[in-house]
Amino acid sequence: MTTYDTIGASYSNARRPDPRIAARIHAALGNAATVINVGAGTGSYEPPQTLLAVEPSATMIAQRPTGSAPALQASAESIPIADDSADAVMAVLTVHHWADLEAGVRELRRIARQRIAIFTWDQDVSRKFWLLDEYLPEAAAFDEARAVAIDRLAGLLGGAHIGIVPIPHDCTDGFAAVYWRRPEAYLDPAVRAGMSNLALVGEKALHAGLARLSDDLVSGRWRERHADLLDRETLDVGYRLLIADL
């Protein structure tokens with residue numbers, strides 16, 4: 001059973017693509033006329049020219065909107081399609097779930113003719129995010145174990161441009177660090193259910209840290225400690241966009 005067969009039943013409720021991030025990802029695909037989305041989930045950030053979505057979880061495939069590109073249930077490490085099947089391949093917040101990163105990247109390189117674009121995070125930056133650093137060390141440790149080092153990923157791609165993707169304070173997507181200026185959101189179980197690191201660590205392990213966060217929000221300590229964030233429009237919390245030309 002894949003990760004998202006377990007935690008993904010309500011994924012589409014919490015994860016709505018942000019148009020600003022979508023614009024960055026679509027621009028990264030360049031002039032590709034055809035695109036394959038690997039680790040596609042429910043189809044977030046797929047451009048109109050998407051030819052095929054590759055996704056191992058039937059639960060996630062079932063939540064893809066009507067009219068989405070056809071989905072192939074398969075893992076990134078073994079994609080049963082021909083070499084050079086599309087101009088570009090994209091992979092959004094997925095490489096940390098792959099059982100064999102090297103095999104997955106080899107498959108991306110095999111099926112793409114021109115370009116690969118990967119949206120992921122840099123753990124060296126993300127580990128400093130206030131939620132993980134101050135309140136949820138259990139989730140931080142979980143991320144440490146599964147995070148893909150940016151330099152390693154770029155090397156497997158044969159070299160890549162690495163771009164910083166600052167996250168808007170009102171980001172509509174629900175991935176892990178988007179609520180950096182909206183801390184109350186992390187107290188909502190429905191919000192946490194859309195974040196794989198929190199969902200997989202489990203509510204019991206997170207309980208004490210979330211209780212401290214709740215207390216700090218009520219007392220005003222969080223606002224005092226993080227007053228510098230309150231007027232920020234965007235923040236670099238570690239998200240990166242890698243672009244590799246083949």
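## A walk through the sheet, its helix and its cores

Six bridges join strand β4 to strand β5 (residues 112–121), and the two strands run parallel. Strands and helices here are DSSP runs, of at least two residues (E) for a strand and at least four (H or I) for a helix, numbered from the N terminus; two strands pair if DSSP finds at least two bridges between them. Before we go on, please keep in mind that this is a predicted model, in which local features need pLDDT of at least 70, side-chain atom pairs count only at pLDDT 80 or more, and totals for chains, interfaces and linings use all residues. Residues are numbered from 1 along each chain as its sequence is written, and side-chain values use heavy atoms, with hydrogens and water left out.

Let us stay with the β4–β5 pairing for a moment. A88 stands opposite R115 in β5. The chain gets from β4 to β5 through helix α5 (residues 101–111), and this β-α-β crossover is right-handed; that is, with the strands pointing away from the viewer, the path from the first strand over the helix to the second runs clockwise. I36 has V89 as its bridge partner in β4, and N37 has M90.

Now step back to the whole sheet. It is an open sheet of seven strands in the order β3-β2-β1-β4-β5-β9-β6, with mixed pairing. Its edge strands are β3 (71–72) and β6 (161–164), each of which pairs on one side only. Within this sheet, seven of the seven residues of β4 (residues 86–92) are buried, so the strand is largely enclosed by the rest of the structure. Buried means under 20% relative accessible area, exposed means over 50%, and partly exposed is in between (1.4 Å probe, protein chains only).

Helix α5 also has buried residues: L101, A103, G104, V105, E107, L108 and I111. Their cover includes β1, β4, β5 and α9 (150–156).

The side chains of N37 and E46 are joined by a polar contact of 3.0 Å. Such a contact is a pair of N or O atoms within 3.5 Å; within protein, one must be able to donate a hydrogen and the other to accept it, and residues adjacent in sequence count only if both atoms are side-chain atoms. Leaving out residues up to four places away in sequence, N37 touches S44, E46, L52, A53, V54, M90 and A91, where contact means heavy atoms within 4.5 Å.

Next come the aromatic residues. Rings of Phe, Tyr and Trp (its six-membered ring) pair if their centres lie within 6.5 Å; planes under 30 degrees apart count as stacked, over 60 as edge-to-face and the rest as tilted. By this rule there are nine aromatic pairs. The rings of F119 and F175 have centres 6.1 Å apart and planes at 75°, so this pair is edge-to-face. F119 lies in strand β5 and F175 in the loop between β7 (167–168) and α10 (189–192), so the pair ties together parts that are 56 residues apart in sequence. Both F119 and F175 are buried. For F129 and W130 the centres are 5.2 Å apart and the planes at 55°, so the pair is tilted. Ring pairs also link F129, W130, Y135, Y179, Y186 and W222 into a cluster.

Some of these residues return in the nonpolar cores. A nonpolar core is a set of buried Ala, Val, Leu, Ile, Met, Phe, Trp, Tyr and Cys residues joined through side-chain atoms within 4.5 Å. The largest has 47 residues, of which F119, W130, F175 and Y239 touch the most other members. At least two residues of this core come from each of α3 (19–28), β4, β5, α7 (130–135), α8 (137–146), α12 (203–219) and β9 (239–245). Apart from it lies another core, of 27 residues, among them A76, W98, L153 and L157.

We end with two loop residues. Y45, in the loop between β1 and β2 (50–54), has a positive phi near 75°. L93, in the loop between β4 and α5, has a positive phi near 45°.
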